[in-house]
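Please have the viewer open while reading.

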Amino acid sequence: MVGKFIKRFYTFLIFVFLYAPIVTLIAFSFNESRSRGKWGGFTLRWYKELLYDAPIKNAFYYTMVIALLSAIIATIIGTIAAVGIYNMGFLGKKVVLNLNYLPVLNPDIVTGVSLMTLFIFINLELGFLSMLLAHITFCIPYVVLAVLPKLKQLNKHLAEAAMDLGATPFYAFRKVILPEIMPGIVTGALMAFTLSIDDFVISFFTAGKGVTNLSIAVYSMARRGINPKINALSTLMFLGVLGLLLIINKRTVIENKGGVKK
Amino acid sequence: MRIKQKAAAYPYIGWLLVFIVVPLILVLYFSLTSQGGEFTLENYRRFMEPVYGKVLLRSLNLALISTVFCLILGYPMAMIIARTDISKRNLMVLLFVLPMWMNFLLRTYAWMTLLGKNGVINNILQALNLPALNLLYNNGAVVLGMVYNFLPFMILPIYSVLSKIDNTLIEAARDLGANEVTVFRKVIFPMSLPGVISGITMVFMPAVTTFVIPRLLGGGQYMLIGNLVEQQFTYVYDWNFGSAISIIMMVFILIAMAIMTKYDDQKEEGGLW
């Protein structure tokens with residue numbers, strides 16, 4: 001009885017710790033006063049002004065476009081790569097997997113700095129393209145790591161059976177293997193999207209002067225004081241993500257139930 | 001067929017070479033040359049100077065403290081989640097992942113609102129007629145920021161290992177007369193070690209190299225090794241010295257990882273969560 005109370009209280013405290021800044025952020029997006037400390041009354045002003053704020057809208061646009069593009073491209077390259085790696089010999093597999101781990105293990109700042117060095121070395125102007133290439137680079141390893149376990153679970157004879165029945169290798173891949181490894185691909189794509197949206201360090205080093213994503217915008221604002229409009233935007237994004245996660249959660253719960261029936 | 005499938009990895013291998021291997025070779029090259037382009041070890045020697053040694057020690061120290069806090073706070077939480085009914089478990093895990101979907105700079109920045117001189121916490125203290133505290137711009141604030149940002153990376157791997165422990169083993173230990181403490185010490189904790197190890201690495205590594213948290217919550221007065229690298233590349237434009245520090249940092253972390261994974265026999269699945 002006492003143990004249960006302590007557990008609940010502890011869980012409660014940890015969640016307070018995790019959500020305190022988020023609640024603050026959301027609360028201050030409705031704050032009439034510009035200052036961070038004072039509460040000046042309820043307002044929707046920042047939400048209205050957000051609609052007309054070109055720099056913030058621009059940063060939001062770049063964040064979303066980069067996240068979507070890098071998630072899609074990284075998922076395609078990563079999935080194809082995982083199939084290849086899965087079929088490699090012991091030594092080749094080991095080498096490629098270790099290389100694949102490098103961007104995961106390397107500190108963000110080293111990845112960012114080394115990519116910046118590369119882009120400047122080959123005279124690629126820092127901007128949208130360099131940032132996109134950097135994001136794809138740090139996203140692919142996570143896709144590979146998400147897809148590989150699914151390939152290992154796959155029945156090796158499935159594709160062969162399909163081909164015995166007259167399917168071309170590509171048709172067998174599309175109709176037999178792809179649906180089987182789909183959960184891994186979706187996980188990988190979601191991870192890539194999340195990582196890209198939240199990234200600051202690598203973007204900071206690889207984005208040029210003209211291109212700013214939300215993280216960079218927040219970082220450069222932090223000294224002068226954050227514009228409450230950013231709070232409003234994050235509140236909207238938070239609600240969007242919450243909705244998305246609830247849908248995904250519901251879907252997986254249904255899937256799990258379906259799995260039991262089988 | 002088999003040979004053809006293997007070829008599917010080639011485009012990615014090309015990508016890895018261009019965007020991972022070549023950049024690292026470039027950084028290594030810069031670290032071994034002077035600004036004029038001649039070969040030198042001066043950049044590495046310079047890092048041995050006491051000023052930089054202090055920065056490295058401070059980074060390691062703060063990261064270590066944060067990791068210990070994360071472990072102390074995170075392990076019980078992971079155990080609580082692992083013992084919740086399956087129906088609620090997913091929701092709890094989701095609640096830990098959710099904050100990570102909000103821009104981490106904004107979340108860190110929000111702590112400035114909470115901790116500041118006229119911040120929320122001090123306002124509450126004043127309302128209670130208590131003296132205001134200096135919460136921001138010190139080591140404590142930096143550690144708090146690290147613990148806040150990295151705690152889920154400690155909880156999730158430990159939880160995923162704990163949730164897979166076979167319950168019959170725990171029952172067997174109890175049947176053989178072990179009390180709760182012994183069961184934890186002799187059965188649960190040793191079996192959860194792989195999760196603890198990946199949790200420690202996932203907290204410690206980013207904590208050593210972060211430059212954003214000390215900049216925002218430490219007010220920029222406590223330079224950590226990440227700040228040093230950032231400064232060399234974006235203000236001082238001494239790429240050679242910056243590259244040398246990056247290489248040292250990277251080697252440090254890869255060695256630490258190698259030691260860690262040596263004790264971890266379940267590294268196969270990538271172990272994120």
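How many aromatic pairs does a search of the whole structure find over all chains? The count is 28. The model is a predicted one.

## A tilted pair in chain A

Take A:Phe200 and A:Tyr219. Their ring centres lie 4.7 Å apart and their planes meet at 45°, so the pair is tilted. This pair links distant parts of the chain, 19 residues apart. A:Phe200 sits in the loop between α8 (169–198) and α9 (201–206) of chain A, and A:Tyr219 in helix α10 (residues 214–221).

Both positions are covered. A:Phe200 has a relative accessible area of 1%, so it is buried. A:Tyr219 is buried too, at 10%.

## An edge-to-face pair in chain B

B:Trp111 and B:Tyr148 pair edge-to-face, with 5.5 Å between centres and 75° between planes. Helix α6 (residues 104–115) of chain B holds B:Trp111, and helix α8 (residues 139–162) holds B:Tyr148. The two are 37 residues apart. Both are buried.

## Cluster and cation

Ring pairs join A:Phe200, A:Phe204, A:Phe205, A:Tyr219 and B:Phe211 into a cluster. Elsewhere, B:Arg46 lies over the face of B:Phe241, 3.9 Å from the ring centre.

## Chain B overall

Chain B has 13 helices and 0 strands. Its C-alpha trace spans about 75 × 70 × 35 Å along the principal axes. Of its 273 residues, 51% are buried. Among contacts between residues at least 6 apart in sequence, 68% join residues at least 24 apart.

Chain B carries 19 positive and 14 negative charges, and their mean positions are 3 Å apart.

Note on methods: Residues are numbered from 1 along each chain as its sequence is written. Chains are lettered from A and ligands numbered from 1 in the order in which they are written. This is a predicted model: local features need pLDDT of at least 70, side-chain atom pairs count only at pLDDT 80 or more; totals for chains, interfaces and linings use all residues. Side-chain values use heavy atoms; hydrogens and water are left out. Helices (H or I, at least four residues) and strands (E, at least two) are DSSP runs, numbered from the N terminus. Buried means under 20% relative accessible area, exposed over 50%, partly exposed in between (1.4 Å probe, protein chains only). Contact means heavy atoms within 4.5 Å. Lys and Arg count as positive and Asp and Glu as negative; His and the chain ends are not counted. The place of a charge is taken as NZ of Lys, CZ of Arg, CG of Asp or CD of Glu. Rings of Phe, Tyr and Trp (its six-membered ring) pair if their centres lie within 6.5 Å; planes under 30 degrees apart count as stacked, over 60 as edge-to-face and the rest as tilted. A charge sits over a ring if NZ of Lys or CZ of Arg is within 6 Å of the ring centre and within 35 degrees of the ring normal.
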